[in-house]
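Trainee: I would like to go through this model with you and ask, for each label we attach to it, what the label rests on.

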Amino acid sequence: MNLEELMLHAEAIIFAADRPVNETEIADVLKDSHEDLLEESLEKLPAALQGIIEKYDADYYPFEVKQSGGGYQFLSKSNFHPLIAKLNGTKFRKRL
């Protein structure tokens, strides 16, 4: 699996997770779902995760991937928190 494919798969895992997922969990899911995945591919996982973080750091995304709660997760960017709080109310403020 090349770096771009690894990024896409890791990004899908992070997006679908209902909680922060750490690098080991991502690697385990990848191994379980791709029996032919080489250990050499998993050595690229830190670079793939960094690439995902950098991708969503661009100004045109209202969300980002952050390390939080012991793993990676998608979070809305702070400048959108007031907007989202208006939609969801203050009970969701901590999760934004």
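Trainee: Which residues in helix 2 meet which residues in helix 4?

Mentor: This is a predicted model, and in it Glu23, Ile26, Ala27 and Leu30 of helix 2 meet Leu45, Pro46 and Leu49 of helix 4. Sorted by class, this contact of helix 2 with helix 4 has six nonpolar residues, one charged residue and no polar residues.

Trainee: What makes Glu23 the charged residue in that contact?

Mentor: Glu belongs to the charged class, whereas Ile, Ala, Leu and Pro count as nonpolar, so the residues that meet here, Glu23 among them, divide into six nonpolar and one charged.

Trainee: Why is helix 2 called roughly perpendicular to helix 4?

Mentor: Helix 2 (residues 23-33) and helix 4 (residues 45-55) pack at an angle of about 110°, with their axes 11 Å apart. Because angles of 65 to 115 degrees count as roughly perpendicular, that value makes helix 2 roughly perpendicular to helix 4. In this crossing, helix 2 passes helix 4 in a right-handed sense.

Trainee: Why is the pair Gln73 and Ser68 called a polar contact?

Mentor: The side chain of Gln73, a residue of strand 2 (residues 71-76), makes its polar contact with the side chain of Ser68 at 3.3 Å. The cut-off for a pair of N or O atoms is 3.5 Å, with one atom able to donate a hydrogen and the other to accept it, so the value of 3.3 Å falls within the cut-off. Not counting residues up to four places away in sequence, Gln73 touches Ile14, Pro20, Glu64, Val65, Lys66 and Ser68.

Trainee: Where in the protein chain is confidence highest, and where is it lowest?

Mentor: Helix 4 has the highest confidence, at a mean of 97, and helix 5 (residues 81-88) the lowest, at 83. For the protein chain, the mean pLDDT is 89, and 93% of the residues reach 70 or more.

Note on methods
Residues are numbered from 1 along each chain as its sequence is written. This is a predicted model: local features need pLDDT of at least 70, side-chain atom pairs count only at pLDDT 80 or more; totals for chains, interfaces and linings use all residues. Side-chain values use heavy atoms; hydrogens and water are left out. Helices (H or I, at least four residues) and strands (E, at least two) are DSSP runs, numbered from the N terminus. Contact means heavy atoms within 4.5 Å. Axes are lines fitted to C-alpha atoms, for helices over the stretch in contact, and angles run from 0 to 180 degrees between N-to-C directions. Angles under 35 degrees count as roughly parallel, over 145 as roughly antiparallel, 65 to 115 as roughly perpendicular and the rest as oblique. A crossing is left-handed if the near helix is turned anticlockwise from the far one by less than a right angle, and right-handed if clockwise. pLDDT is the predictor's confidence in each residue, from 0 to 100.
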